[in-house]
Amino acid sequence: MKLNGKLDYLELPATGGRLDSVKSFYSAAFSWSFTDYGPTYAAFAEGLDGGFQADAGEAPAKPLPVIYCENLEETLDAVESAGGTIIKPIFAFPGGRRFHFTDPAGNELGVWGY
């Protein structure tokens, strides 16, 4: 059931790389699956929560998708093996640890765990 006002969808650009390379990356690094809607659009259904960062020194310049994982070190290795670029190595934050990477299209994402 859809709820009025609830964040429902996250759309990321894939213009920095071929759509196939972006899909291949997320499949290899995070086991995502996709539904293709024509040659230029692929949808995923992988969950969504969120938060706001008010500290200007910590706030991202653009929205930052963050993915949860059970083993941060293994996931960092999977991201690198799949072709991602680590731009912030694993660091601690209140509530856990995380790292940031860019995908083949140049999108920045974070991965967090304990």
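Me: What does Leu-48 count as, by its relative accessibility?
Reply: Buried stands for under 20% relative accessible area, exposed for over 50% and partly exposed for what lies in between, with a 1.4 Å probe and protein chains only. Because the relative accessibility of Leu-48 is 37%, this leucine counts as partly exposed.

Me: What kind of model is this, and how are its residues numbered?
Reply: This is a predicted model, in which local features need pLDDT of at least 70 and side-chain atom pairs count only at pLDDT 80 or more, while totals for chains, interfaces and linings use all residues. Side-chain values use heavy atoms, with hydrogens and water left out, and along each chain, as its sequence is written, residues are numbered from 1.

Me: Where is Leu-48 found?
Reply: Helices and strands are DSSP runs numbered from the N terminus, helices (H or I) having at least four residues and strands (E) at least two. By that numbering, Leu-48 belongs to the loop between strand 2 (42–43) and strand 3 (66–68).

Me: Which residues of helix 2 are buried, and where do they lie around the axis?
Reply: In helix 2, which covers residues 72–82, the buried ones are Leu-72, Thr-75, Leu-76 and Val-79. Their arc around the axis, taken from the directions from the helix axis to the C-beta atoms, is only 105°, so they lie on the same side of helix 2. An α-helix has 3.6 residues a turn, so residues three or four places apart point the same way. On the other side of helix 2, the exposed residues are Glu-74 and Ser-81.

Me: What do the buried residues of helix 2 pack against?
Reply: Contact is taken as heavy atoms within 4.5 Å. The partners of these buried residues are helix 1 (19–30), strand 4 (85–93), strand 5 (96–102) and strand 6 (108–113).

Me: Which residues does Thr-75 touch, not counting those up to four places away in sequence?
Reply: Thr-75 has its place in helix 2, and with a relative accessible area of 11% it is buried. Beyond its sequence neighbours up to four places away, it touches Phe-30, Cys-69, Phe-99 and Val-111.

Me: Is Gly-84 buried or exposed, and which residues is it in contact with?
Reply: Gly-84 lies in the loop between helix 2 and strand 4, and because its relative accessibility is 10%, it counts as buried. Setting aside neighbours within four places in sequence, Gly-84 is in contact with Phe-25, Val-79 and Thr-102.

Me: How far apart are the closest N and O atoms of Asp-36 and Lys-23?
Reply: A salt bridge needs a side-chain nitrogen of Lys or Arg within 4 Å of a carboxyl oxygen of Asp or Glu. Two salt bridges are held in the structure. The one between Asp-36 and Lys-23 has its closest N and O atoms 2.7 Å apart.
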